[in-house]
Amino acid sequence: MQSSFPPSSCKLQKKFILNGIHRPGDVILGGLFEVHYSSVFPERTFTSEPDQPNCHGIDTPGFRHAMTMAFAIDEINKNSKLLSNVTLGYSLYDNCATLEIGFSAALSLASGQEEQFWLLENCSGTPSVVGIVGDPFSTFSIAASSVLGLFKLPIVSYFATCSCLSDRQRFPSFFRTIPSDAFQVRAMIQILKHFGWTWVGLLVSDDDYGLHVSRSFKSDFLQLSGGCLAYSEILPWEDHRNEYKKIVDLMARSTARVVIVFALQIHLIHLMTEVVKQNVTGLQWIASEAWTVVGGLHTPEFMPFLGGTLGIAIRRGEIPGFRDYLLKINPAEQNSANNMVKQFWEDTFHCRFSADWLEDGGTLCTGEEELRNAETELLDVTELRPEYNIYKAVYALAHALDDMLHCVPGRGPFIGHSCATLQKLEPWQLMYYLEKVNFTTPFGDQVFFDENGDALPIYDIMNWLWLPDGSTKVQNVGEVKMSVFKGEEVTLDENKIFWNFKSKEPPTSVCSKSCPPGTHIARRRGKPVCCYDCIPCSEGKISNNTDSLECTSCPEDFWSSPQRDHCVLKRTEFLSYHEPLGICLTTTSLLGTFICTVVLGIFTYHRSTPVVSYFATCSCLSDRQRFPSFFRTIPSDAFQVVKQNVTGLQWIASEAWTVVGGLHTPEFMPFLGGTLGIAIRRGEIPGFRDYLLKINPEEQNSANNMVMQFWEDTFHCRFSADWLEDGGTLCTGEEELRKAETELLDVTELRPEYNIYKAVYALAHALDDMLHCVPGRGPFTGHSCATLQKLEPWQLMYYLEKVNFTTPFGDQVFFDENGDALPIYDIMNWLWLPDGSTKVQNVGEVKMSVFKGEEVTLDESKIFWNFKSKEPPTSVCSKSCPPGTHIARKRGKPVCCYDCIPCSEGKISNNTDSLECTSCPEDFWSSPQRDHCVLKRTEFLSYHEPLGICLTTTSLLGTFICTVVLGIFTYHRSTPVVRANNSELSFLLLVSLKLCFLCSLLFIGRPRLWTCQLRHAAFGISFVLCVSCILVKTMVVLAVFKASKPGGGTNLKWFGAMQQRGTVLVLTSIQAAICTAWLVSSSPTPHKNTQYYNDKVVYECAVGSTIGFAVLLGYIGVLAFLSFLLAFLARNLPDNFNEAKFITFSMLIFCAAVWAAFIPAYVNSPGKYADAVEVFAILASSFGLLVALFGPKCYIILLKPERNTKKAIMGREATKP
C-alpha cells in the first residue's frame, strides 16, 4: 500500500476486478480456484493504462472445487465440536487459469479489496484472511508463496504438485494435501519398472509443473529403473499447430511405445488432435494425475488412440451431503461482488441476468431454474478427488484454528507462554498449529503434514477402458503409496487392465533388447545408455550373463563355445581312427597289407617268377592358424581435495566466486592456482571513490540506518550510549574512512557496482526521455505525455524499453525484447605468484554478438597453468579411440565414457572414435593394426614355391624318362622284346605316359579359364589313352594264346593292327566325348575361395559339374579295372616273358595304391593341397605304369641282351647256370 494524504488513511495502489464468492465471518479463509479455463489479454503498448484480462469459458469442475470449500466451511460452522462460537467466512476468487489474475487474487486476499480505510497510526492491522486454500497451479502457487511467504500467511494447496514447493527455505508457509511431483515421478517409475518399460517418451507442459517434473524424471528414471528417455518435449499452451506437428512426427518416428504426459487437458486436446490427424497408433499412454480422470478426452475421436491409458489419480474420497448442498445453490442470494455463481448459472442454463441480453433475443435468467434437471458435471460427486483434497485442506485450517483457540493462557507456545487470539492473530501463529495438525476424515484418511508441508502421499492407478458400445470407463486397477517403512509400494490387478492392442497384452518398450549370454553391450555414441548393440564375444571369450558389459577370456586350455556363453575344452587334433580321413587311410593300409599278403602268397606259389617291389607314399598336410585374444585396463581413482592433497585439477569458476578473495589463501592456492572463470564485466566509475570518502553517518536519520550500521561495523564502535556503559567505544561520526581497513574503498574491480551504475542510468535516461516529451506529440492516448505529478509505472515502462546510451567506460546499454542487456563476461585467471600472493588477471572475454552469436576471445599466452608442464591439461572421461578400435559405452556412465575395443579380424576402423568397425570387402582383410584393409594373400600351387618346384621337376623328370625309354625302344625296335605284343601300342603307350606327365603341369600355377578347362580334360584323355593301350595289349595277349590252341585261330582275326588302333581310338573318343559334354554343360572355372582361410584367397578351379568329374574318373577306373581283371586272368599263360604279369602289377599300383588313396586325400585337402594331391596321384600312377611296364624290358634290353631273343622270350632256350 502507498501512504497518501490525509496521513491517517491508507489507499490501495491498485484494485483488481475479480470474479469471486464471499461470505462474512469472524475468521475469513481465502480460496483460489480455476472457474474459467482461459483468458484474453489486451494489447499492451504502454501508451495507455493496460486493461485487465477477460476470463472466458466456465470450467464446471473448477466451480465445483470452489463449492467444495464453501460446503466444508458451512459444515464446520454447523459442527459444535469444531470452532464452537466462531463463524468461518470465506473469500473465493477465480484465477481464470492465468498467472497474472491468480497472483492478483492472492494479493487481494492478503491485503483486502477496500480501496481506502482509516487507521490511527499506520497501515497495519489484522489480515483480511488468515489462510488460503489454493492455488491449483504449481506456477501460480510458486509466485503467490514467494510473496505471501514473507508474511508467513499459510497457503494450503490441493492441486499444486511441483516438488520445488517442498523447499521450506523458499516457501516456509506452503502446505498441500496432494502428493508432490517428486512422489508422482517415483510412482510413475514404479509402474514403468513393473512392466519392464525402459524406453519411453516424455511430454510436459510449458510451466513450472512440467519443467520441474522433466528434470526430476530424467534423473530418477535412470537411477531407479535403468530407463532412458527416447525424447523429451515441451507442450506449448497455445494451439501452435506447427509445434504440435513436430512433436507428433517425433513420436511417430520413435521406437518408444510408451508415452508419459505431465500436462493439463488443454495440452492433451491440442496434442491428440494432431495424433488423430496423423493416425499415430500403437502407443501406450501414461497419464499424470492432472488428466487421468478428465472426462473431456473421452471422445469417440480420441478413444481409439487413448484407450488403455494407464494413469495415476488423486486419492478418491467421499463427502457426505455435498450433492444436496450443490442442489441448494441459488444465484438470487448473490450480490454484484459474488458474481461467480451467476456466471456459472448463465453458462449452465444458457441465459443472462442482464436485460440487454433479452433485447438481443436471448433468454433471461430467473434464478428459479432447477439444477437437478440441468445437464451439468457439477452434480457428479462419484469421483471426488481434488474436491476431497480441498475438503481436507479446509479442515486442516479449521483444526489449526481450533487448536489455537483451545490454548490455555500462560501455557501457550509463544513468547512468555502466551496464546494467540482472533483479535490480534498473526499469520505465523496459525502456522505453528498448522504444522502440528493431525486428524482423521470421515472417509478414514489420516491428515498431517511432514517437515516439508506435504501430506502422506497416495495415488490411485487408473485404466481407461474403451467399451464395445463406444463408451469409456475409467476403472481403478491398483494404488501406489508411500509407506514409512517400505518406501513406494505398487499394488496392481493386471487382470483388470484393458490393453488397447491386438495382443491384449502389455507392449514392449525398450530401446535395445537385452543382450543374451554370448554377447556384450556396446553403447551407441550420442544415444542414451539403454541404447546399445549386442556384439558377439570374439573367439576365445564368453559372457554367461544377460546384458554383460564385457566378455571374459577363457582359460588357456579352454575355448569359447559356438554360442560364446561358456568355455569348453579345446578340441584336440590328430589323425584319428574315427574321422573319415583316418578311416580311409586305415582301410587303405589294411587293404595294402592284405594285398601284400595275397601277393606274398602268389609270389611264394610262383617263386620262380621275377619279384618287382613297389612303395606307396601318402601326403597329408593341414595348416591351422590360431588367433590372439584381446585385453584392456581402466584405472579409476576417487579423491578429495585439500584434506587428501588432491592436485592436478583445472578449476572452472562461475561468476559467483571468480573474483571472491576469500579463497586466495596459502592453504588453497596450491590447489586453486590457475583457475579459469567468468566474471561480471568490469567497469570504471569516475569519482566514485571520492564520493565514498564523503560518507557521513551524522547526515542520516533513524529511517536511514544503513550507513550507521556500516560505520559501527567498520570502526568497531556504537552510536548508542548503552554500548559505552558496557565498555565499548562510542562512535563520533568523525572517524576517517581513508584510514580504515575496509574493502569499501577498493574500486579497482567494479563489477556488480558497474551493473548498478548502468541500471540507475537506464532509469534516469528513461525519465529524461519522458520529461523531454513534447505535449501533443507524446506516445500515450491523445498524443499526451506523462508528468511526474501523475506518473504511472506503465508509462515509464514505455521509455525504458527504448533506452539506448553509452557509459563513460564505452559500453552501450539497451534492452532486447526480453528486457536483457547485451551480455558480456570477462574471463579471469588466478595467477599464483612466486611470493605466495595471488593476482586475478583478465585473459579474455565472452560476449553475445547480434550477428555472430557467442564470441570467445582468449589470450592464452597470459594464462597461468598450475601444472608442471605449464600447458592446459587434458580432461576427458575416455581418451579418443584410435583407428583400429571402436567405442563401447560403459553401462550407467555418461556417453563420453567408453572403452576402446579392437576391431575383430576382417573389420577395420580408419577414423578416430569410430562407433563401429566396418567389414573389409571380400578380397580384402584387416591389417594387423585393424586400421585399413589389405589385399588378402593369394594361395595357389605356384611354380615358385618348394612344393610346386618339386612337382614340376618330377613331372619333367617323368617326361624325360619317357623320352629316353622311347629312344631306347626306337633304337631297339627290331628286337624281340620291343616287337613282342605289338610294338606300336608300346610306342603309343609311351607317348600317352609322356602326356600324363605333362598334363600335371596344368595343375601348377595360377588358375586361368583355359587351364581349368584343359587340366581335367587333358588328364582324363591322356590316362584313358594310356589305359586303353594297356587294355588292348592285355586283350591281344589273351587272343594270341587262345589262337595257339586248336580251333582258336578265328579269335586272332579280331585283334589285328587295325582293330587294336580302332579299339584305342574308340575308347579314347568316349572319354573325349565325356570331357566335351562336361565342358559344354558346366565348364570348370577359376574360383576365389575365401572359406578355407579368413586372411587368404585360395585360387582354385571349381569343377563345375561334380557329376562330370565323377564320370571322367569313373570311366578311367572302369578301364583300369578291366585291364587288371584281364591281366590277372592271363598271368599264368605259358611264356618266359608274360607281359600280363607286369600289367597286373601296374594296375594294382594304379588302382589300389594311388587312386584309392587319392580320393579321400583329395576330399580332405584344402586349397592348393588338393591340386598337389591330384598332381602327386597323376605322377605316382604314371611312374608306376612306366616302371612296371617298361622297367623289365629296359632291363633286358640294356643289361641282359642275351635274353632279348625270340627263343628266350618263348622260353625255349635253356637257362644258363
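Tutor: Buried means under 20% relative accessible area, exposed over 50%, and partly exposed in between (1.4 Å probe, protein chains only). This is a predicted model, where local features need pLDDT of at least 70, side-chain atom pairs count only at pLDDT 80 or more, and totals for chains, interfaces and linings use all residues. Residues are numbered from 1 along each chain as its sequence is written, and side-chain values use heavy atoms, without hydrogens or water.

Start with Trp-197. Its relative accessibility is 1%, so Trp-197 is buried. Trp-499 is buried as well, at 5%. The structure has 34 aromatic pairs (Phe, Tyr or six-membered Trp rings with centres within 6.5 Å; stacked under 30 degrees, edge-to-face over 60, tilted for the rest). One of them joins Trp-197 and Trp-499 edge-to-face, with 6.1 Å between centres and 90° between planes. Trp-197 sits in the loop between helix H4 (181-195) and strand S12 (199-205), and Trp-499 in the loop between strand S21 (487-492) and strand S22 (519-523), so this pair ties together parts 302 residues apart in sequence. Helices (H or I, at least four residues) and strands (E, at least two) are DSSP runs, numbered from the N terminus.

Other rings form a cluster. Ring pairs link Phe-414, Trp-428, Tyr-432 and Tyr-433.

Rings also meet charges. Arg-1006 lies over the face of Tyr-1099, and its distance from the ring centre is 4.1 Å.

Now a buried arginine. Arg-385 has a relative accessible area of 2%, so it counts as buried. Arg-385 occupies the loop between helix H11 (355-359) and helix H12 (386-405). Beyond four places in sequence, Arg-385 is in contact (heavy atoms within 4.5 Å) with Val-293, Ala-313, Ile-314, Arg-315, Arg-316, Asp-460 and Met-462.

Finish with Thr-60. Thr-60 belongs to helix H1, residues 60-78. Thr-60 is buried, because its relative accessibility is 12%. Leaving out residues up to four places away in sequence, Thr-60 touches Phe-344, Thr-376, Glu-377 and Leu-378.

Note on methods: A charge sits over a ring if NZ of Lys or CZ of Arg is within 6 Å of the ring centre and within 35 degrees of the ring normal.
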